[in-house]
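I am opening my notebook on this protein chain.

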Amino acid sequence: MIPQLYPWLLFFFTGSSVTAEGMPPRAPIEINFPDFPPYYFKDSQGRRQGITTDTLSQCLNAIKRPFIFVDLPIERMQISMQEGFIDIHTYSYSEARESFVDFGHQELFRTEYRPFVRADSNISITKPTDFDSLRLGHIIGLRYSPMFMKYVEERRKARTVDEAASTEQNFRKLLAGRIDAFVNAVEPALYAAQRLGLKDQVKVLDWVAHDGHYFTAVSKKSQHIPDRIAFLRELDACLAQMKKDGSFCAIYRSYGLACPDLPNRP
């Protein structure tokens, strides 16, 4: 049950089996659904799509675990995962996050976080301090590598970073001249730029602020997965089988992308 303190949670049921009485056999697992294409996104009709959307849906149906997707902004998602008000988020692995989540071992995807600037810009970035003279944009709640996160936090304390709620807002600010650069996961940002018709007006630089390897993460306070470790083993086994039989790669190809070589966590 979601506490009244969090009325902003919106639920969407998908893939859940029901009993003859019309009730789910167990409470559905609640999975955060970020705007993170091509892994999680909604099409023009509002239908949930994406590589990881399809992958997790296929495995959760296979292991007969009912689930729902939940739409949360980044900062609210962080609080909800820490407090156990939602059960699963796809996080990039870090030891620090193991204080409040248990990670699976089968990698779902990988993406680099790099600077985006206007297409006609001559800005060059090779280290965090190269942003010192720039108006820097940042999405509220977004996390990077410890090094770049420390730099952003210092800019936030100095009130010299312009914060936004989404990648789209950052692109609007960038092209309006309100910021000079912002750092984002490459594939989701390029997808957003294409969707907004802005792809020719922006460019991504080579410097990498964070190399994210993403796994299924279950909140240690999960209300719907009391058997967290056993659940993750079962999910990992399904993902390993998908990678072995080619169905994992088939999902990537269905979105027009090559199948990546993803190393798993030890």
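**Entry 1: ground rules.** Helices (H or I, at least four residues) and strands (E, at least two) are DSSP runs, numbered from the N terminus. The model is predicted, so I note that local features need pLDDT of at least 70, side-chain atom pairs count only at pLDDT 80 or more, and totals for chains, interfaces and linings use all residues. Residues are numbered from 1 along each chain as its sequence is written, and side-chain values use heavy atoms, with hydrogens and water left out.

**Entry 2: E163.** I looked up E163 and found it in strand β10 (residues 161–164). Buried means under 20% relative accessible area, exposed over 50%, and partly exposed in between (1.4 Å probe, protein chains only). E163 has 29% relative accessibility, so it counts as partly exposed. Next I listed its contacts (heavy atoms within 4.5 Å). Beyond the neighbours within four places in sequence, E163 touches H138, I140, R156 and K173. With R156, the side chains make a polar contact at 2.7 Å. A polar contact is a pair of N or O atoms within 3.5 Å; within protein, one must be able to donate a hydrogen and the other to accept it, and residues adjacent in sequence count only if both atoms are side-chain atoms.

**Entry 3: R156 again.** Which residue does R156 meet in a salt bridge? The partner is E153, at 3.3 Å, N to O. A salt bridge is a side-chain nitrogen of Lys or Arg within 4 Å of a carboxyl oxygen of Asp or Glu. Both residues lie in helix α3 (residues 146–157), three residues apart, about one turn of the helix. An α-helix has 3.6 residues a turn, so residues three or four places apart point the same way. R156 is partly exposed at 34%, and E153 is partly exposed at 29%.

Entry 4: I counted 17 salt bridges in the structure. One of them joins E83 and K221 at 3.8 Å, N to O. This pair links distant parts of the chain: E83 is in helix α2 (residues 74–83), K221 is in the loop between β13 (210–219) and α6 (228–245), and they are 138 residues apart. R114 forms a salt bridge with D206, with the closest N and O atoms 3.8 Å apart. R114 lies in strand β8 (residues 109–118) and D206 in the loop between β12 (202–204) and β13, so the pair ties together parts 92 residues apart in sequence. R114 is buried at 16%, whereas D206 is exposed at 68%. I also noted K42, R48 and D71, linked in a network of salt bridges.

**Entry 5: rings.** Rings of Phe, Tyr and Trp (its six-membered ring) pair if their centres lie within 6.5 Å; planes under 30 degrees apart count as stacked, over 60 as edge-to-face and the rest as tilted. The structure holds 23 aromatic pairs. F33 and Y40 are edge-to-face, at 5.4 Å centre to centre and 80 degrees between the planes. Both F33 and Y40 are buried. The planes of F131 and F148 are at 50 degrees and the ring centres 5.4 Å apart, so this pair is tilted. F131 and F148 also belong to one aromatic cluster with Y113, Y144, Y151 and W207.

**Entry 6: helix α5.** Which residues of helix α5 (residues 186–195) are buried? I found V186, P188, A189, A192 and A193. Their cover includes β8, α4 (167–175), β11 (181–185) and β12. Just after α5, G197 takes a positive phi of about 75 degrees.
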